[in-house]
Amino acid sequence: MKLAISGKGGVGKTTIAATLTKLLARDRKIVYAIDADPDACLAAGVGIPEEVINQHKPIVELREVINQKSAGGGAFFTLNPDVDDVLEDYCLSVDNIRFLRMGGIKKGGEACYCRENTFLSAVVTSLLLDKDDAVIMDMGAGIEHLSRGTARGVEMMLVVVEPSKNSVNTAKLVQQMASELGIKKVKIIGNKIRNDKEREFIVSQFSAEDLLGFVAFDEVVWESAMDQGPAAQLGGQLLDSMEKVYQNILREVGEVK
Ligand SMILES: Nc1ncnc2c1ncn2[C@@H]1O[C@H](COP(=O)(O)OP(=O)(O)OP(=O)(O)O)[C@@H](O)[C@H]1O
Ligand SMILES: [Mg+2]
């Protein structure tokens, strides 16, 4: 199962990515959780202690490795078995979870970052296409840095919305971009739902086919952000409603338990 998660800032991408990672880790052998958003804190959400995260370098900073491995220039864009070394060496492992932090991916036009971008793209592509394990990628709001090669490996893009017009507008743009990149399944998850009115709002904005499910607003998770940071405490109401979304995801990718 190869999933990418996107949506407007603050809608709950990291929270949902972390919860799905935990659910997959509970049920399967290995799940790769990838922070593809430089601002994400997915590691905290999947239970990695802060002091460990702080010592973990993002892949983009591994200049030595990047320079060596991308010496051949564009050739590295093709799948390269050497990428496996990077995965083994730079994953943080907690139980079944293998955590990778991509680091800042720079936009085009900044020539000196081309190698890093090529390298990151190859790492992600290798994960998506060569591995049988589950992969959950927490993307930022923009998916424009997703290359066609990488997108090819994404089975389903999950676009998170909250009950607001702005997040719906962003989601529609992401839906469009994702299908232009050739991602076949692009599904919406309604998050932070407190009542029927909010649920109905989201239902009114998307086709029934596009809607994957809803995640309840969880007061405990919301309050925990005040002292522990986003996604540090997951459970209760949030986990309960995620179970159903999780089952829908398994069904969509043909992996019903
Ligand atoms: N279902 C929910 N119930 C209550 N609070 C939630 C829920 N989902 C997310 N939150 C809270 O909303 C805030 C934003 O969540 P999160 O960091 O997961 O969003 P994000 O989309 O990853 O944000 P960013 O764009 O900054 O990466 C956090 O404080 C998180 O705890
Ligand atoms: Mg985030």
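Reply: The protein chain holds eleven helices and eight strands. Both are DSSP runs numbered from the N terminus: helices are H or I with at least four residues, strands are E with at least two. This is a predicted model, in which local features need pLDDT of at least 70 and side-chain atom pairs count only at pLDDT 80 or more, while totals for chains, interfaces and linings use all residues. Residues are numbered from 1 along each chain as its sequence is written, and chains are lettered from A and ligands numbered from 1 in the order in which they are written.

The part to look at is the sheet. Eight strands form an open sheet with mixed pairing, in the order β3-β4-β2-β5-β1-β6-β7-β8. Two strands pair if DSSP finds at least two bridges between them. At the edges stand β3 (92-94) and β8 (211-216); each has a single partner strand, so one side of each lacks a neighbour in the sheet. On average, neighbouring strands are turned by 20° against each other, direction ignored. Here axes are lines fitted to C-alpha atoms, for helices over the stretch in contact, and angles run from 0 to 180 degrees between N-to-C directions.

Now one pair. Strand β1 (residues 2-7) runs parallel to β5 (residues 134-138), with four bridges between them. Lys2 has Val135 of β5 as its bridge partner.

Helix α9 (residues 196-205) touches β6 (156-161), β7 (185-193) and β8, and its direction makes about 160° with that of β7. Helix α11 (residues 236-252) also touches β6, β7 and β8; its direction makes about 165° with that of β8.

Zoom in on β8. Val215 is found in this strand. Val215 is buried, because 25 other C-beta atoms lie within 10 Å. The cut-offs are 20 or more such atoms within 10 Å for buried, 12 or fewer for exposed and partly exposed in between, with C-beta atoms placed from the backbone. Leaving aside neighbours within four places in sequence, the contacts of Val215 include Ile189, Leu238, Met242 and Val245. A contact means C-beta atoms, placed from the backbone, within 7 Å. Glu243 is 28 residues away along the chain, yet its C-alpha atom is 9.3 Å from that of Val215.

How far can you trust the model? The chain averages a pLDDT of 81, and 79% of the residues score at least 70. That score is the predictor's confidence in each residue, from 0 to 100. Confidence is highest in α9, at 98, and lowest in α4 (residues 63-69), at a mean of 62.

Definitions and conventions: Two residues are in contact if their C-beta atoms, placed from the backbone, lie within 7 Å.
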